[in-house]
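Colleague: I want to know what stands behind the labels on this model. Show it to me, and I will ask how you know.

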Amino acid sequence: MTLSRVEVITSVERRRRWPRAEKERLVALALEPGASASEIARSAGVHVSQLFRWRKQLCERVTPQLPAFLPVTVEPPMETVSPPDEPSPRKRKARREGRIEIELASGDRLRLEGDVDGRTLREAIAALRAR
């Protein structure tokens with residue numbers, strides 16, 4: 001006759017409650033460059049998947065909402081003709097001028113007229129953002 005061992009569990013093991021500050025501390029440690037999430041989880045006594053779940057939950061709350069697209073209106077270029085009182089030996093062609101007008105979410109408005117290259121436009125927008 002063989003004796004088998006039976007284990008009787010008399011109490012219910014409760015879940016551990018982690019304060020938010022402790023979760024944030026552990027997640028911050030895991031986000032540092034060169035940090036090992038497995039080592040941090042092991043040192044805190046949690047499974048690494050729990051640490052990843054906390055990271056996902058905390059980062060979702062902090063993620064800023066992306067700005068919505070704004071409507072764009074494309075208008076035909078305005079034609080400007082030289083004034084009639086100027087003497088001209090031959091007839092001048094109508095000159096077309098371009099105009100770019102951008103209204104930012106902050107309410108600032110950027111208006112550029114004439115020929116504008118991409119570099120100038122980028123510099124103007126960067127200057128507005130730096131304010």
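Predicted model: local features only at pLDDT ≥ 70, side-chain atom pairs only at ≥ 80, totals over all residues.

Colleague: Why does Ala-30 count as buried?

Modeller: Buried means under 20% relative accessible area, exposed over 50%, and partly exposed in between (1.4 Å probe, protein chains only). Ala-30 has 13%, so the label is buried. Ala-30 belongs to helix α1 (residues 20-31).

Colleague: What does Ala-30 touch, not counting residues up to four places away in sequence?

Modeller: Ala-35, Ile-40 and Leu-51. Contact means heavy atoms within 4.5 Å. Ala-30 and Leu-51 are 21 residues apart along the chain, with their C-alpha atoms separated by 8.4 Å.

Colleague: Back to α2. Which of its residues are buried?

Modeller: In helix α2 (residues 37-44) they are Ala-37, Ile-40, Ala-41 and Ala-44.

Colleague: How do you know that the buried residues of α2 line one face?

Modeller: Look down the axis of α2: the buried residues fall within an arc of 95 degrees, so they share one face. The arc is taken from the directions from the helix axis to the C-beta atoms. An α-helix has 3.6 residues a turn, so residues three or four places apart point the same way. Exposed Glu-39, Arg-42 and Ser-43 sit on the face of α2 turned away from the buried side.

Colleague: How many aromatic pairs does the structure hold?

Modeller: One. Rings of Phe, Tyr and Trp (its six-membered ring) pair if their centres lie within 6.5 Å; planes under 30 degrees apart count as stacked, over 60 as edge-to-face, and the rest as tilted. The centres of the Trp-18 and Trp-54 rings are 5.3 Å apart and their planes stand at 65 degrees, so this pair is edge-to-face.

Colleague: What does the pair of Trp-18 and Trp-54 tie together?

Modeller: Trp-18 lies in the segment before α1 and Trp-54 in helix α3 (residues 48-62), so the pair ties together parts 36 residues apart in sequence. Both Trp-18 and Trp-54 are buried.

Colleague: Now the strands. How many bridges join β3 to β4?

Modeller: Five, between β3 (residues 99-103) and β4 (residues 109-113), which run antiparallel. Two strands pair if DSSP finds at least two bridges between them, so five is enough. Arg-99 stands opposite Glu-113, and Ile-100 is opposite Leu-112. The two strands form a hairpin with five residues between them, and Gly-107 in the turn has a positive phi of about 100 degrees.

Colleague: Which residues of β4 are on the covered face and which on the uncovered one?

Modeller: Leu-110 and Leu-112 make up the covered face; Arg-109, Arg-111 and Glu-113 make up the uncovered one. In a regular strand the side chains alternate between the two faces of the sheet.

Colleague: Why is Arg-111 called partly exposed?

Modeller: Arg-111 has a relative accessible area of 45%, so the label is partly exposed. Leaving aside neighbours within four places in sequence, Arg-111 contacts Arg-99, Ile-100 and Glu-101.

Colleague: Last one. What share of the 131 residues counts as buried?

Modeller: 12%.

Terms used. Residues numbered from 1 in each chain as written. Heavy atoms only, no water. Helix = DSSP H or I, 4+ residues; strand = E, 2+ residues; numbered from the N terminus.
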